[in-house]
Amino acid sequence: MINREELLSQGDIKSKEIALNLMEETIKSADPYEAIKRALKVEDNRLIIKEREFPIKGKIYVLAFGKAACSMAQAVEEILDDKIAEGIAVTKYGYSLPLKKIKVIEAGHPIPDESSMKGAHLGVELAKKVGENDILLVLISGGGSALFMLPEDGISLEDKMKTNELLLKSGAKIYEINTVRKHISKVKGGKLAKLVKGTLISLVLSDVVGDPLEAIASGPTVKDPTTFQDAYRLLKLYNVWEKLPQSVKRHIELGIEGEREETLKEDLPNVHNFLIASNSLACEAAKRKAEELGLNAYILTTTLEGEAREVAIAFGSIIEEIYHRERPFKRPCVLIAGGETTVTIEGEPGLGGPNQEFALSIARKIAGLKGVAVLAMDTDGTDGPTDAAGGLVDSYTLETLKKRDIDVEEFLKAHNAYEALKEVNALLLTGPTRTNVNSIIIAVIL
């Protein structure tokens, strides 16, 4: 935690300190290194994963991609040691760790770049090396869609990047964005699994609401229920279709006509997928910690979705009801929620992300409620294209903003929450957490 002292230098200090302690517990519970250590074991030339056994007959290859790729790979190296024949890990810039046998490639996120393509190319080559008696261990975490990116023939990197940018700004949910990504990719939607002759085992860290495996990193190792027609419908729904590069539109049109390969539609007997960490488990960890501190704690949902500033108003209304009328819960208590809110951007945006926008918006609802603090963060440590994980606001935040002549409504309209929160020392700066299990909201009501 980079700016803990700064955050606790003013306002509802006790409430904010509790929120930070609970936040740290959620990050710890979602630690990808520890998740791998819990899930994977080697005994008598057998891989044991969640009580399933896989005999080691040939070579073991490792392919990791996502924001937690290096932490997961590091744990695998320690467990398998010299049993690893070769490996590749593709992660976000600044998220790399020193590895012994596994080659690390840093790439762009949330917008993919040349390195994303390079990593995916190498990953495809690695997958093709896996013989019938070999094992490919695939380590998947959030951010994998952008970091492990290989467009279909005829679609350039620039066209893929433009499509990605349009989707991110559209207000579409992550699984909807991934529906499109899968249908213009050579590796997503189970296409990576099709390349593997041997045993494919994927260990998955979920960053998608509800943990559907086909949506996490766009499901490179699982069958996909979506179609080219679904991708087209979503692009029209979010008013993106007409803005798309011609190569992407043409590929989707040909796909609808049956002239391009669909995503994987059946379970493959050689492919095994295991979920090892998720938002739900992180929320449960926060709840346990709050109870250890003697507070009543409630998980409201782990499927929180919607426009960030609007969801914040609804969440804030629940806090007001508890504060003034002690219903549906009595004070003191902690409310916990997980999921992923979105921001629909029109025009040129300011600086921020969904969690910062949530924090700035809810500051209006909790103003004057002494002893109340709300923390909203992306568990990967970067909320939107910023160095902040989110925001931590309390009953004094709105008043302080007004004293600085900051009009909250104007900053929300401009999607410039980062600058507003920065002015009042309400940004949450964690640095890279090397994990990603969606967003966490923690409200402390004393």
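Colleague: How do the residues lining the largest pocket divide into nonpolar, polar and charged?

Modeller: That lining comprises 16 nonpolar, 18 polar and 12 charged residues. Nonpolar covers Ala, Val, Leu, Ile, Met, Phe, Trp, Tyr, Cys and Pro; charged covers Asp, Glu, Lys and Arg; the others, Gly among them, count as polar. The model is predicted: local features need pLDDT of at least 70, side-chain atom pairs count only at pLDDT 80 or more, and totals for chains, interfaces and linings use all residues. Residues are numbered from 1 along each chain as its sequence is written, and side-chain values use heavy atoms, with hydrogens and water left out.

Colleague: How much space lies in the largest pocket?

Modeller: About 960 Å³. A pocket is an open set of points on a 1 Å grid over the protein atoms alone where a 1.4 Å probe fits, with protein on both sides within 12 Å along at least five of seven lines; lining residues have an atom within 4 Å of a point. Volume is the space filled by probe spheres set on the points, which are joined across faces, edges and corners.

Colleague: Why does it lie between domain 1 and domain 2?

Modeller: Because domain 1 (4-29 + 279-445) and domain 2 (32-150 + 185-226 + 263-277) both give residues to the lining of the largest pocket. The domain bounds come from an automatic or database assignment.

Colleague: And what is the volume of the second largest pocket?

Modeller: About 200 Å³. Its lining residues include L166, Y238 and E346.
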